Amino acid sequence: MLRSLLLRVPPDERTEAIRAAVDSVGSGGTADIGLTVSLLPELLDDDLKQRLRARLLRLLEGGQTDLVRAVCAQDAVLQRDLLHQVAQRLASFAGEMHRQSPTDQAVPIENVMPLRESTPSTQSSATGRCEDDTGTIGHLLTFVKSADFSGVEPESFDRLFNAALVLLEHKAIIVSAGAHEGLASLFQASSHMLRAPHQLVWASLQRMLAQEHSRGLAYAIWLRWAFCENAELCVFLGRPYWDFLRQGLQYGDGERRKQCLAILKQSVAIAAGDESSMAKIYSREGGTTDRTAIVAQYDRFCTVFETIVLGRYLNQVIECEDDLGLLASPDSALQAEWLYTLLASALHPKLQDANRRFIGNWIMRSHFHPGTSEAFISFFRFTFLPWATQGSLFTSTLRKEAECLRCKHGDRLAGYIQHLLQHYSSHLAFTSLIVNVLLDLLVTRRSFAYANVYILEGLARAFDVSRTLALVAGELEKLASLASWAALPEVAGDHVFLRCLKLCRDNSSRTAGSVQSEHVVKLITRWNEIEALLDGTAGGGPPPGAVATWHSERSNRDVREDAAIELCHVFRIDLEQSLEPRDAEAKLLEIWTDLEYLEYPKRLLILFPGVLLDPKLAIETLDCEELSNSVVEMVRKLQFVSRSRTYLVSPLVLAVRHVVLALPATAAVLNVKQFILGYAEHLPEATVDLRLEDATSHVLQSIAPTFKALSYEYYFGPRATLGAAALLDMTSRLGSNCSDVLVSLLNDLLEPWTSQTVPPPTISPWKSTLQLQLALLCCEQVRSDVVIEGLLERLHYILSLEPLPRFRYLLTWMLVRIYIKHELLRAGLLSQLATKDHHANPKYVASLMKIAVMLASTEHADANFGSKLAAAMIPLAASSKIIIRHEAQWQFPMLMDIARSRSWHTITDNVAFVALDEYIRNLDLFEHPPLERLLDRFDPVKDHTLTNLVEGPWYGLDNTEEPICRREDLVDLYKRDAEHDNGLPPSCMPLGAPPAPIPATAASSEPPLPVDDPQRPLPASQPNDSRALQTKGSASTSTTLTPTPHLRPLHNNDLIVIASLVENPHNLGGLSRISEALGASALHLANPNVVTTKAFLSVSVASHLHLPILPLPIPALPSYLAAKRGEGWTVVGLEQTDRSLVLGSEGCKLPRKVVLVLGSERAGIPARVLAECGVLVEIEQRGVTRSLNVQTAAGVVLFEYMRQHGVGAR
């Protein structure tokens, strides 16, 4: 048509008409594309062609890139020439940018300026400020991004490439991002690149990598460059190349680390193929130089790094232990620096604490020591020690071993330090470096107090074992400085003090003849004096208080405390000689004033209860109300103080027990009931600081044999467990002389248990094992039949409610003992078992059976009772309730054993009973009972002991509480009683033999009950409580998710889901289902044949029949995504990185045309695919679990897309 029109124009006017048509190109928008294409054959002279190129260039600068791209697609020569002009324009902008800030550019100016003189228009444009042309530059780079470089001249290609390198560092994001996209396209056409541009790439990358603000962009470009066809990386594989990679791995975010791993794999593969580069990647100490083996070990390293640092799932991290051992072994070809990078990344504070602990413990457990390099010293100083000295690691690993409290982390740390110094004891320079690193950390006095204990302990143990180790003058001075550290806790301070002294003394003996400084000589002298005091050679024994203060000047506070202690001794002497109540009260108030003023100092606080509750003073309180009130108030305050100072519990309880049992009348005066209830409701637990001091005391005692005297008791007096034993024992003796107090105490103990809400909480702050232990001791001493009947009813009610096994055990114990003492009440038990309605509370019925069988084993039970019980258990053994049925089948053989031992022929001769017994005994579970069955056993006579009460096997029924005391504490208590010969009233319960070990058996079939009991019945439905059955949703029939009027209809072709990286067929089936349901246009899989598998079909429910499922192999994924970006789609990756937007937040607006990329279940999205993602999103999470299943996560994103862009019929 255009040709026909031109033929009608006179020849002398035809050129002008064509020129006018060229000048009008673009004024009609996309409608001019056909006109412009038709003009191309008519442009016969160079002037018209140049005019069209200039017009297209102006259109590009104005932002009409789609129009220009469409025109160039029809003429390769035109595109080549236009690219040449674009290259000149971009080179001019880059040159101007360099002139404005020449010191900030990595690429020399001569490499980016035009090689030939530019056109006048180009030169004039370049004279303006580069910052004013950001829009123009961005449009030009957009054209470069989608251009075809197949016919471009090498000169223009290099100019484009060099200009893009410079523009990467432009301040405007639109320019730097466009330069990045342009470089990505240029890298794909890397066959046009010469070596010189590659050298410029590396020079520019080094410049960008050295600056924090451009580092992320640099790694993204590096990744693309590493996979260029002719990059020739071998030329650049020097030390800086690997150092920058290690920095990216150690300090980068998840995306940068993935990029570095991909670059590392590619670089190692290239280096392994080049003889000159081999030495740069393998350890000369390794046992292999085989290229394949070296590449395999680096691949293993990348996999382990990805699993530990990027995957972060603890179970997968644990599985890497063997791989870590292999990589750290002497036979490993991996350079040690890479291992340090892995471990440093794994110990980074941002990683999950559980994973960091596993890696740190692996380092200590495996005695990690790959070499004597400075790199290891750097890792040890700046990575390992900052992690290993965190206070939480010490406080959370306090464990009891052989009745001693140990800090497991501290022991591991000390052992690791000891091993390092011993292993390298022949490398004196290296061990000196380690010692100085440790001492430098200690002398800063900034680390956790108890970390200093175990660091110094590890150093000292190595010094004790390795005779070649010796300390130099500078190290000894550091020790002398540590010895004067006064701010440490008492036991920790003594340990540091004594270890420093001993190290100085031992080093002096080892380096005889060397000159010692004055400070060191003083420390050695102090050590000898302390040793003499502890072994008794100095006479008089050790003084009280911290060892570090024995020869120190006393502070004013210490002097006042000593004076108050002396007042206590004088007060006791005065009591022996008779003291008026008013004088006694005055002296007590004087001591109490000092006690409060000094904020309850430890030595005075431990001594004062014995003074306050001296029996001689107690006699006076019975007749003097004022003195009595003062004493009661002081006892109340002391009990309150003991909540935070648990070392006061034992002295206080021992003093109260002593006076109450010696003078029963004081029980009412001192309100002993409230005293017992106070501890029953809240028995103080040792603070973390006190437990750490306890653990440190055992370490302190190991310094020398004479230090056994420096035990926990030396510093803090009797343990709180002795006080708990005294509390139980005092209660067990109240019935003899204080029966009224006892009954009142029992009522108050049981009242909250009977008035609790139904259903009751399994675990609650007000419910404790101690309450029921005390109640049991009270029950055993109640004698009134009237009280017993009411008590029995209350205990049955509590038993019917309580779900926790240990509470049920103690309640059963109480009920059995009541039935033993009151045989007439047993009839009610049998009648309850005979009832036919057992479905309301199966656990309660099971407990009743257990109680009845226990009673049958007692000496007063007869055949009549046994026969009625056996008859009642027959239907129970066939109950529809599994709890009842199992308990009956478990208890019935026990009843038969009792009948045979008692010759109850009415039972043993019954054929039905015998048959049922034989059947049950042949069951496998009966031969191999679960652990809880053995723990739950109770003989109402043999097991009725204080030993069983305080540390019986029943404590293992659940893990809610630890025993508050042990049999040894009761034995210790009785020894103290024997020394005073007090003539105490008898206990209601014998001590009993030491607990027998639990026989080995199958593991418990039930896990410990959590705080929220899953077996707790749901509350009854209320009239308005609707629990409708699940029905098909009606959302599919609605037109919008919300009534918001601005939402636009959804078009299926606007959203593509890429699941090529997903492997699990179940997940793929779920993705098919959710993609189809939420309106995706297509689903891409690595292998579409998966849709025929059973696993896929079980989840997809035919969704794949209504959704295009297309093949997209993983190797083709980057190129496919790049092509979609060129078509105007936005590639959105679902991945957790530092640049990810939180889905649903204000700043997260999903584009209209989206290609959604989903990562693999384990590794997420790999680096090369992440590089193609223009937007990354993540889902905000509140819980502990840090990830969602891939189909769930995809559903959230699809729903958010649907919410933003509307829902409509497809």
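Modeller: This is a predicted model, and the word to begin with is buried, which stands for a relative accessible area under 20%, while exposed stands for over 50% and partly exposed for what lies in between. By that rule, buried residues make up 51% of the 1210 residues in the chain.

Biologist: What does the secondary structure of the chain come to?

Modeller: The chain holds 58 helices and nine strands. Of the contacts in the chain with a separation of 6 or more, 76% are accounted for by residues 24 or more positions apart.

Biologist: Which residues touch the most other members in the largest nonpolar core?

Modeller: That core has 324 residues, and Trp222, Trp225, Tyr241 and Phe384 touch the most other members. Leaving aside residues up to four places away in sequence, Trp222 touches Trp202, Leu205, Leu209, Tyr241, Phe244, Leu245 and Ile263. There is also a second, separate core of 32 residues, which includes Val1090, Leu1143, Ile1179 and Ala1194. As a general matter, nonpolar side chains in soluble globular proteins tend to be buried together.

Biologist: What makes Glu181 and Arg1125 a salt bridge?

Modeller: The closest N and O atoms of Glu181 and Arg1125 are 2.4 Å apart, and the rule asks for a side-chain nitrogen of Lys or Arg within 4 Å of a carboxyl oxygen of Asp or Glu, so the pair qualifies. The two residues belong to distant parts of the chain, with Glu181 in helix 10 (residues 173-188) and Arg1125 in helix 56 (residues 1117-1126), 944 residues apart.

Biologist: Are Glu181 and Arg1125 buried or partly exposed?

Modeller: Glu181 has a relative accessible area of 24%, which lies between the limits of 20% and 50%, so Glu181 is partly exposed. Arg1125 is at 14%, which is under 20%, and therefore counts as buried.

Biologist: How do you know that Asp464 and Lys502 form a salt bridge?

Modeller: Their closest N and O atoms are 3.6 Å apart, which is within the 4 Å limit, so this pair also meets the rule. Asp464 sits in helix 25 (residues 449-465) and Lys502 in helix 27 (residues 490-510), so that 38 residues separate them. Lys502, with a relative accessible area of 11%, is buried, whereas Asp464, at 30%, is partly exposed.

Biologist: Why do you say that the pair of Arg603 and Asp562 ties together parts of the chain?

Modeller: The side chains of Arg603 and Asp562 meet in a salt bridge (2.5 Å, N to O). Because Arg603 lies in helix 31 (residues 602-612) and Asp562 in helix 29 (residues 556-576), the bridge ties together parts that are 41 residues apart in sequence. Arg603, at 26% relative accessibility, counts as partly exposed, and Asp562, with 29%, is partly exposed as well. Elsewhere, salt bridges that share partners join Glu457, Arg461, Asp464, Arg499, Lys502, Arg505, Asp506 and Glu531 into one network, and the structure holds 54 salt bridges.

Conventions:
Residues are numbered from 1 along each chain as its sequence is written. This is a predicted model: local features need pLDDT of at least 70, side-chain atom pairs count only at pLDDT 80 or more; totals for chains, interfaces and linings use all residues. Side-chain values use heavy atoms; hydrogens and water are left out. A nonpolar core is a set of buried Ala, Val, Leu, Ile, Met, Phe, Trp, Tyr and Cys residues joined through side-chain atoms within 4.5 Å. Buried means under 20% relative accessible area, exposed over 50%, partly exposed in between (1.4 Å probe, protein chains only). Contact means heavy atoms within 4.5 Å. Helices (H or I, at least four residues) and strands (E, at least two) are DSSP runs, numbered from the N terminus.
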